Amino acid sequence: MQDEATTRLTRAERRTVLVAAASPVALALLVLLPVGAMLGVGFGEVVAATLVYGGLLGLAAAFVTVDRLQARRCPRCRRRGERGEARCAACDYDRVEQPRFACDERHAIHLDDVALCDCGRRLKPLPPVRGVGREVAVALKLGAWLLVLLVGIGLALRLLERGL
Ligand SMILES: [Zn+2]
Ligand SMILES: [Zn+2]
């Protein structure tokens with residue numbers, strides 16, 4: 001596969017991913033600490049909840065970040081493009097349609113219509129690639145809402161318990 005080289009991130013990009021992964025954990029702790037204190041929940045429980053919810057959100061956030069960073073790279077010349085550029089400034093590759101070609105046996109993915117695969121079969125255009133970013137971003141938002149909902153339910157239950 002041609003993807004091996006494109007998946008490698010630079011050091012700065014890896015740092016961005018790390019920040020994206022860590023910030024939901026910090027955020028979860030910030031949200032859960034006062035809530036936990038209010039409910040009289042033990043510190044250990046708060047930390048456990050933080051790791052579970054923040055960790056899951058952090059994983060998803062890191063996943064989206066990696067996908068976005070890779071999407072900004074030209075698949076043909078590896079140049080890092082601007083967000084939303086229509087054509088690669090270096091090699092003129094169509095960044096919107098991202099044409100790809102392969103023979104029926106999928107021996108290799110070609111980014112140019114070079115007519116023939118190494119095996120001699122004719123190349124055919126492949127369906128366009130779509131990043132996973134949008135779907136995961138929606139899932140991420142749902143996860144955040146779920147966290148809010150769970151905390152809300154927990155709060156309501158505790159208040160009910162206390163009222164009885
Ligand atoms: Zn290019
Ligand atoms: Zn082939």
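**Figure 1. Confidence along the chain, by element.** The model is predicted; local features need pLDDT of at least 70 and side-chain atom pairs count only at pLDDT 80 or more, while totals for chains, interfaces and linings use all residues. Residues are numbered from 1 along each chain as its sequence is written, and chains are lettered from A and ligands numbered from 1 in the order in which they are written. Here pLDDT is the predictor's confidence in each residue, from 0 to 100. Helices (H or I, at least four residues) and strands (E, at least two) are DSSP runs, numbered from the N terminus. Over the chain the mean pLDDT is 82, and 91% of the residues reach 70 or more. Over residues 1–6 pLDDT stays under 50, and the model has six contacts beyond four places in sequence for this stretch. Two residues are in contact if their C-beta atoms, placed from the backbone, lie within 7 Å.

**Figure 2. Element order and overall extent.** The chain has four helices and two strands, running α-α-α-β-β-α from the N terminus on. The radius of gyration is 23 Å, well over the 15 Å that the globule rule gives for 164 residues, so the chain is more spread out than a compact globule. The radius is taken over C-alpha atoms, and the rule is 2.2 Å times the number of residues to the power 0.38. Along the principal axes, the C-alpha atoms fill a box of roughly 80 × 30 × 25 Å. The domain assignment gives domain 1 (1–71 + 132–164) and domain 2 (81–131); such bounds come from an automatic or database assignment. The centres of domain 1 and domain 2, taken over C-alpha atoms, are 36 Å apart. Of contacts between residues at least 6 apart in sequence, 50% join residues at least 24 apart.

**Figure 3. The largest nonpolar core.** This core has 10 residues: Ala21, Ala28, Leu32, Ala49, Tyr53, Leu57, Ala60, Ala61, Val64 and Leu147. Helix 2 (11–39) and helix 3 (43–71) are the elements that give two or more residues to the core. Helix 3 supplies the largest share, six residues. A nonpolar core is a set of buried Ala, Val, Leu, Ile, Met, Phe, Trp, Tyr and Cys residues joined through C-beta atoms within 7 Å. A residue is buried if 20 or more other C-beta atoms lie within 10 Å of its own, exposed if 12 or fewer, and partly exposed in between, with C-beta atoms placed from the backbone. Buried residues make up 13% of the 164 residues in the chain.

Figure 4. Helix 3 has 29 residues and reaches 40 Å from its first C-alpha to its last, close to the 42 Å expected at 1.5 Å a residue. The expected span is 1.5 Å times one less than the number of residues. Buried positions in helix 3 include Thr50, Gly54, Gly58, Thr65 and Val66. Phe63 also belongs to helix 3, but counts as partly exposed because 18 C-beta neighbours lie inside 10 Å.

Figure 5. Leu140 lies in helix 4 (residues 133–163). Leaving aside neighbours within four places in sequence, Leu140 is in contact with Leu57, Ala60, Ala61 and Val64. Leu140 and Ala60 are 80 residues apart in sequence, yet 6.5 Å apart in space, C-alpha to C-alpha. Leu140 is partly exposed because 19 other C-beta atoms lie within 10 Å.

**Figure 6. Met38 and Arg158.** Met38 is part of helix 2. Its C-alpha and that of Arg158 are 10.0 Å apart in space, for a sequence separation of 120 residues. Met38 is exposed, since 11 other C-beta atoms lie within 10 Å.

**Figure 7. Two loop residues with positive phi.** Most residues other than glycine have a negative phi. Gln98 has a positive phi, near 45°, and sits in the loop between helix 3 and strand 1. Gln98 counts as partly exposed, with 16 C-beta neighbours inside 10 Å. In Arg106 phi is also positive, near 55°. Arg106 is in the loop between strand 1 and strand 2 (124–125), and with 10 C-beta neighbours inside 10 Å it counts as exposed.
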